[in-house]
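Please follow this explanation with the sequence and the 3D view side by side, and take each paragraph slowly.

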Amino acid sequence: MEHDIFARLKRDHDKHRDLLEKMAQTHGESEDRQSLLEEFTKEVKSHASAEEQALYSTMLRKPDTTDETRHSVAEHHEIEEALNDLAATDMSSSAWMAKFKQLDHDYRHHINEEEEDHFPDFEKYLTDEDREHMQSVFDRRKEAEKADADVTPEKAEDAKE
């Protein structure tokens, strides 16, 4: 178990960046594209859920970090909708690659913002007990959430608010 929650989260982000790069190299309705999208979706959805339950639930209790926390959680929701929309789009269409490129851009923006802005800000407000709690919750929830994560094809226009 990694002792630094932020290093653990960044390790996941690095894996997500790698998956995005691999997906960008795929073409058409291929087995590679399908399996990478499925792996990326399960990784990101389980990471986001565990991150919310571990890190963001802790940070919401600290008034100075509430706005940043709400911002990141809202972005998680937007990314999940984009993943569902991508899964509902014909992989051989030009629309799929356009949606993928937008998702890639938005997700990289999100994780860069977390790593460069939010995590350093959050550091100032955490106790050792907070860190231990967040790490144990993250590792446990990530595993459970990944087991339950699904690729959910749902076009953006059909998504409920």
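This is a predicted model: local features need pLDDT of at least 70, side-chain atom pairs count only at pLDDT 80 or more; totals for chains, interfaces and linings use all residues.

Helices here are DSSP runs of H or I with at least four residues, numbered from the N terminus. Residues count as buried when their relative accessible area is under 20%, and because aspartate 130 has a relative accessibility of 13%, aspartate 130 is counted as buried. Leaving aside residues up to four places away in sequence, aspartate 130 touches Thr58, Lys62 and Tyr125.

Helix α1 itself runs over residues 5-24, and its 20 residues, at 1.5 Å a residue, should span 28 Å, which agrees with the 29 Å between its end C-alpha atoms. Among the buried residues of α1 are Ile5, Phe6, Leu9, Leu19, Leu20 and Met23, and Arg8, Asp12, His13, His16 and Arg17 are buried in α1 as well.

How do two of these helices lie against each other? Two packed helices are described by the angle between their axes and the distance between the axes. For α1 and α4, the axes come within 11 Å and cross at roughly 165°, which means that α1 is roughly antiparallel to α4, given that angles over 145 degrees count as roughly antiparallel. The crossing in which α1 passes α4 is left-handed, and the contact of α1 with α4 has, by class, 12 nonpolar, three polar and eight charged residues.

Technical notes: Residues are numbered from 1 along each chain as its sequence is written. Side-chain values use heavy atoms; hydrogens and water are left out. Helices (H or I, at least four residues) and strands (E, at least two) are DSSP runs, numbered from the N terminus. The expected span of a helix is 1.5 Å times one less than its number of residues. Buried means under 20% relative accessible area, exposed over 50%, partly exposed in between (1.4 Å probe, protein chains only). Axes are lines fitted to C-alpha atoms, for helices over the stretch in contact, and angles run from 0 to 180 degrees between N-to-C directions. Angles under 35 degrees count as roughly parallel, over 145 as roughly antiparallel, 65 to 115 as roughly perpendicular and the rest as oblique. A crossing is left-handed if the near helix is turned anticlockwise from the far one by less than a right angle, and right-handed if clockwise. Ala, Val, Leu, Ile, Met, Phe, Trp, Tyr, Cys and Pro count as nonpolar, Asp, Glu, Lys and Arg as charged, and the others, Gly among them, as polar. Contact means heavy atoms within 4.5 Å.
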